[in-house]
Amino acid sequence: MNMITIEPFNFIGIAIKTSNDDINKLSQDMQSLWNKFMSENIMALIPNKISNEIYCAYTDYEGDYTKPYYALLGSKVKNIDHIPDSLTGKSFSGGKYIKKIAKGNILAGIVFDAWKDIWTMDTPRSYIADFEVYGDRAQNPENAEIEILVGVKKI
């Protein structure tokens, strides 16, 4: 894992409130979010996209990773001046992040396994926003690379 700086950006997508305290419910919530995103072609509804990368953002934590938070699925956008009624817009302030790459079969749980490793890290997390980035290297679900960006406190 390496430290990077993320510049501020805007985001539009769909959201669900969830928690890690019940892994079965978390799994259902995330499957529901992804199913809605894909089946309703949410990406096509997002105005002013900067790229076709899909972002899964985790934000508005009510504490650490064991407390409720919002999971948002969508894309970076130029601005959030126009947010379609069924979607959510948010501005992220950027900051210092640790970058981890999850490699392998998405359907085999590589992203969740990466998060289990992150939850055991000693690094002081900011709990402002964390991100998964599904870019070109995530197109083949059996041999994917997903960037996971974990917000850390300024030291």
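In this predicted model, four elements each contribute at least two residues to the lining of the largest pocket: the helices α1 (23-39) and α3 (110-119), and the strands β3 (54-59) and β7 (125-134). Helix α1 provides the largest share, with nine residues. The volume of this pocket is about 990 Å³. Its lining comprises 32 residues, and those nearest the centre are M30, W34, I106, V111 and Y134. By class, 22 of the lining residues are nonpolar, eight are polar and two are charged.

Strand β3, one of the elements that contribute to this lining, is mostly covered, six of its six residues being buried. I54, C56 and Y58 point one way from the strand, whereas Y55, A57 and T59 point the other way; all are buried. Strand β3 pairs with β7 in the antiparallel sense over six bridges, and within β7 the bridge partner of C56 is E132. Strand β3 also pairs with β4 (residues 69-77), again in the antiparallel sense, over five bridges. In that pairing, T59 stands opposite Y70 of β4.

The lining of the second largest pocket consists of five nonpolar, seven polar and four charged residues.

Methods:
Residues are numbered from 1 along each chain as its sequence is written. This is a predicted model: local features need pLDDT of at least 70, side-chain atom pairs count only at pLDDT 80 or more; totals for chains, interfaces and linings use all residues. Side-chain values use heavy atoms; hydrogens and water are left out. On a 1 Å grid over the protein atoms alone, a cavity is a set of points where a 1.4 Å probe fits but cannot get out, and a pocket is an open set with protein on both sides within 12 Å along at least five of seven lines; lining residues have an atom within 4 Å of a point. Grid points are joined across faces, edges and corners, and a volume is the space filled by probe spheres set on the points. Ala, Val, Leu, Ile, Met, Phe, Trp, Tyr, Cys and Pro count as nonpolar, Asp, Glu, Lys and Arg as charged, and the others, Gly among them, as polar. Buried means under 20% relative accessible area, exposed over 50%, partly exposed in between (1.4 Å probe, protein chains only). Two strands pair if DSSP finds at least two bridges between them.
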